[in-house]
Amino acid sequence: MTTIELQNKENDLCVIFLDMDGVMQPFNSSSFPRSTMHALSFILQQVPSAKLVLSSTWRVKDSYIRLIEEQFEAFIDDDDELTLKSVVFYDITNPHLHSERQYEIQDWLENKHKEQQHVVSWIALDDEELLEGNVNQRLRSSFQGHVVKTDSHTGLTMEDAQKAVQLLLRQLST
């Protein structure tokens, strides 16, 4: 796979909405396993222009965000020279908006548009359902081709990471 970069204007954004529980921290784990850290690092290596937006409930306290960033900083994968050392969150979804994750992400996207920032590509890495079911029907068409749903008990895998890169690449090439 080839790394992809934004070739456009300064206000163009490539965004990864990142959930924590069930994505970076599987339900059967008390920490962020190397496997999920490796998978996220792979995505960011392939798409170095991507910005992380924390869409998890972990966004509600600064101390939680610092804890995540400390975990990222400590991760170095010796085998692949992948690292999350310099990764910080570009932004968070609205911490006062606690509804369906789909609505929280849509709210963030709409606010960036109002700020004259153009989100040219985006994905949501989440273990919550963002496409199926009645609650997601209204925005389903906007989310199709933008969601990588993880298994809550496994978290982010390399297969998920490869799908994420493919989705971002597809969006950047159109």
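Me: How many of the 7 residues of strand S1 are buried?

Reply: All 7 of the 7 residues of S1 (residues 12-18) are buried, so this strand is largely enclosed by the rest of the structure. Buried means under 20% relative accessible area, exposed means over 50%, and partly exposed lies in between, with a 1.4 Å probe and protein chains only. Strands are DSSP runs of E with at least two residues, helices are runs of H or I with at least four, and both are numbered from the N terminus.

Me: What should I know about the model before reading on?

Reply: This is a predicted model, in which local features need pLDDT of at least 70 and side-chain atom pairs count only at pLDDT 80 or more, while totals for chains, interfaces and linings use all residues. Residues are numbered from 1 along each chain as its sequence is written, and side-chain values use heavy atoms, with hydrogens and water left out.

Me: Which residues point each way from S1?

Reply: Asp-12, Cys-14, Ile-16 and Leu-18 point one way, Leu-13, Val-15 and Phe-17 point the other way, and all are buried.

Me: Which strands are joined to S1 by bridges?

Reply: Two strands pair if DSSP finds at least two bridges between them. S1 has 7 bridges to strand S6 (residues 118-126), and the two run parallel. One of the paired residues is Asp-12, whose partner in S6 is His-118. S1 is also joined by 5 bridges to strand S2 (residues 50-54), again running parallel. In S2, Val-53 is the bridge partner of Phe-17.

Me: What is the order of the strands in the open sheet?

Reply: The order is S5-S2-S1-S6-S7, an open sheet of 5 strands with parallel pairing. S5 (89-92) and S7 (147-149) stand at the edges with a single partner strand each, so one side of each has no neighbour in the sheet. On average, neighbouring strands of this sheet are turned by 25 degrees against each other, direction ignored. S7 is joined to S6 by 3 bridges, and one of the pairs is Ala-124 with Val-147 of S7.

Me: How are two packed helices described?

Reply: The description uses the angle between their axes and the distance between the axes. Axes are lines fitted to C-alpha atoms, for helices over the stretch in contact, and angles run from 0 to 180 degrees between N-to-C directions. Here, helix H1 (residues 34-46) packs on helix H5 (residues 158-172) at an angle of about 20 degrees, with the axes 8 Å apart. That makes H1 roughly parallel to H5. Angles under 35 degrees count as roughly parallel, over 145 as roughly antiparallel, 65 to 115 as roughly perpendicular and the rest as oblique.

Me: Which residues make the contact between H1 and H5?

Reply: Contact means heavy atoms within 4.5 Å. From H1 come His-38, Ala-39, Phe-42, Ile-43 and Gln-46, and from H5 come Met-158, Ala-161, Gln-162, Ala-164 and Val-165.

Me: Is Ala-161 buried or exposed?

Reply: Ala-161 lies in H5 and counts as buried at 0% relative accessibility. Not counting residues up to four places away in sequence, Ala-161 touches Ala-39, Phe-42, Ile-43 and Leu-156. The C-alpha atoms of Ala-161 and Ala-39 are separated by 5.5 Å, although these residues are 122 residues apart along the chain.

Me: And is Arg-138 buried or exposed?

Reply: Arg-138 counts as exposed, at 61% relative accessibility. Arg-138 lies in the loop between S6 and helix H4 (140-143).
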